[in-house]
Structures are given as structure tokens and as C-alpha cells.
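Subject: Handover of a model

Hello,

Here is the structure I promised to pass on. My notes follow below it.

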Amino acid sequence: EGYREHSETASYLLNTKFRYDFDSQSELTLTANAVHSPEAQDPGGLCSNFSATPSCTLLESNDRTTAQSNNIRFDAGESVSQQQFGVVYKRRFGDTSNQEIVARNYYTHRDFDANLPFGYFGGPLVPSGGIVELERYLVGGGLQYSHIYGLLGREHRVLAGFDIDSQMDKRANFTNIVESSTVGPLSLKQD
């Protein structure tokens with residue numbers, strides 16, 4: 001339960017890192033991250049007499065614990081779940097270990113849902129997109145070479161490499177129907 005009305009949240013996080021040294025010149029690092037936030041209610045912003053709009057609930061008697069009425073009516077908030085895995089391999093070589101190759105790779109999956117504080121109030125049904133469902137996949141990697149050398153009494157580093165990254169999204173927006181758990185018609189679909 002949060003300080004303000006309609007501000008409850010829950011979140012779980014796991015981070016881990018494992019590093020293995022094959023020898024004094026090479027190492028492998030594995031990382032994993034997982035986030036699960038099944039609920040994050042959104043109470044909305046507070047309005048004063050100077051910033052009030054028709055969709056904004058006025059701050060009355062300095063009660064800062066209230067939520068915007070539309071945020072409650074449309075159950076505004078979000079949930080997210082994300083998993084990420086990465087691997088990095090480093091190898092140093094050369095007479096003084098002044099050269100290095102780094103290879104890296106990562107994978108990420110994110111599932112995000114949101115209820116926005118607007119939608120269908122009645123009358124002819126017009127798709128509004130107040131409910132968002134987003135599934136995202138990211139994958140990438142890279143290879144880098146570096147060489148440290150001395151020139152004119154100063155240390156210099158030359159880097160060369162490349163990265164390849166890809167992002168794939170599946171997004172669907174639906175109409176948010178006021179004071180209802182019913183998901184309205186589809187208003188946007190992107191793959």
C-alpha cells in the first residue's frame with residue numbers, strides 16, 4: 001500500500017554475476033537479471049486551482065493522499081516482467097598484455113502491460129488505445145580489439161570493433177472501458 005490512494009506497488013529483482021578466470025590472460029563473465037513487477041498502480045498528478053483541467057481532480061484541503069478520479073476509474077497502472085542474460089569473454093595478449101580482444105553477447109525479453117487513465121465513457125464506441133500490451137525481444141553482441149602503446153612519452157589506445165543489435169516488438173493497444181475489467185476492441189496492432 002502506498003502513501004497515496006491507488007499507489008500500491010510490488011516488485012521483485014534478481015541480479016547475479018559470475019566470473020571465471022581461465023588463466024592470467026583470459027576471463028569469462030556471465031550476468032543474469034530478472035525483474036518482476038506484477039503491479040504498479042498510478043495515482044496520477046495533483047492539481048491546484050491554477051493548473052486544474054476538466055480531467056484533473058483538484059487538490060482539496062491539502063489532502064495529498066488522493067488519486068486522480070480517472071486513474072481510479074480506469075485502474076491506471078502497469079506491470080512488467082523482464083529477463084536479461086549476457087556473456088563477455090576477454091583475452092589479453094602481446095609481450096606486455098597490451099592487446100585485448102573482447103567478445104560480448106546479450107539477450108533480453110520484456111513483457112509490459114499498462115492501463116492509461118483514458119478510454120471509453122459510453123455512447124458510440126471509439127477505439128482509444130488506453131490499454132497497452134508490449135512484448136519486446138532484444139539480442140545483440142559485439143567484438144572489440146584494443147592495443148595500448150607508447151608514443152612521445154604518452155600512453156595511447158587504438159580501438160576497433162563492431163556491434164550488432166536487434167529489437168523485435170509486438171504491440172497491441174485496446175480500448176479502456178471506464179469502471180470495467182472488460183478489455184475493449186483492438187485499436188492498434190504492430191509486429
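One definition to start: a residue is buried under 20% relative accessible area, exposed over 50% and partly exposed in between, with a 1.4 Å probe and protein chains only. The model is predicted, so local features need pLDDT of at least 70 and side-chain atom pairs count only at pLDDT 80 or more, while totals for chains, interfaces and linings use all residues. Residues are numbered from 1 along each chain as its sequence is written, and side-chain values use heavy atoms, with hydrogens and water left out.

Overall make-up

The chain has 1 helix and 7 strands. Both are DSSP runs numbered from the N terminus: helices are H or I with at least four residues, strands are E with at least two. Along the sequence the pattern reads β-β-α-β-β-β-β-β. Of the 191 residues in the chain, 25% are buried. The chain exposes about 12,400 Å², and carbon and sulfur atoms supply 54% of that area. Accessible areas come from the Shrake-Rupley method with a 1.4 Å probe; for residues, only the protein chains shown count as cover. Now the contacts, meaning heavy atoms within 4.5 Å. Among those in the chain with a separation of 6 or more, 62% come from residues 24 or more positions apart.

The 7 strands form an open sheet in the order 1-2-3-4-5-6-7, with antiparallel pairing. Two strands pair if DSSP finds at least two bridges between them. Strand 1 (9-23) and strand 7 (183-190) are the edges; each has a single partner strand, so one side of each has no neighbour in the sheet. On average, neighbouring strands of this sheet are turned by 10° against each other, direction ignored. The axes behind such angles are lines fitted to C-alpha atoms, for helices over the stretch in contact; angles run from 0 to 180 degrees between N-to-C directions.

Strand 1 runs antiparallel to strand 2 (residues 26-41), and 13 bridges join them. A hairpin of 2 residues connects strand 1 to strand 2. Y12 faces H36 in strand 2 as its opposite residue.

Aromatic pairs

Rings of Phe, Tyr and Trp (its six-membered ring) pair if their centres lie within 6.5 Å; planes under 30 degrees apart are stacked, over 60 edge-to-face and the rest tilted. The count is 3 aromatic pairs. Y20 and F22 make an edge-to-face pair, 5.0 Å centre to centre with 80° between the planes. Y20 is partly exposed at 42% relative accessible area. F22 is also partly exposed, at 46%.

F93 and Y145 have ring centres 6.4 Å apart and planes at 35°, so this pair is tilted. The pair links distant parts of the chain: F93 sits in strand 3 and Y145 in strand 5 (residues 131-151), 52 residues apart. F93 is partly exposed at 29% relative accessibility. Y145 is partly exposed at 28%.

Ring pairs also join Y20, F22 and Y89 into a cluster.

Single residues to look at

S7 lies in the segment before strand 1. Its relative accessible area is 16%, so S7 is buried. The S7 side chain reaches the backbone oxygen of R4 at 2.4 Å. A polar contact is a pair of N or O atoms within 3.5 Å; within protein, one must be able to donate a hydrogen and the other to accept it, and residues adjacent in sequence count only if both atoms are side-chain atoms. Leaving aside neighbours within four places in sequence, S7 is in contact with G2, Q41 and P43.

Which loop holds S97? S97 is in the loop between strand 3 and strand 4. Its phi is near 55°, a positive value in a residue other than glycine. S97 is partly exposed, with a relative accessible area of 29%.

L152 is in the loop between strand 5 and strand 6 (154-176). L152 is not a glycine, yet its phi is positive, at about 55°. At 80% relative accessibility, L152 is exposed.

Best wishes
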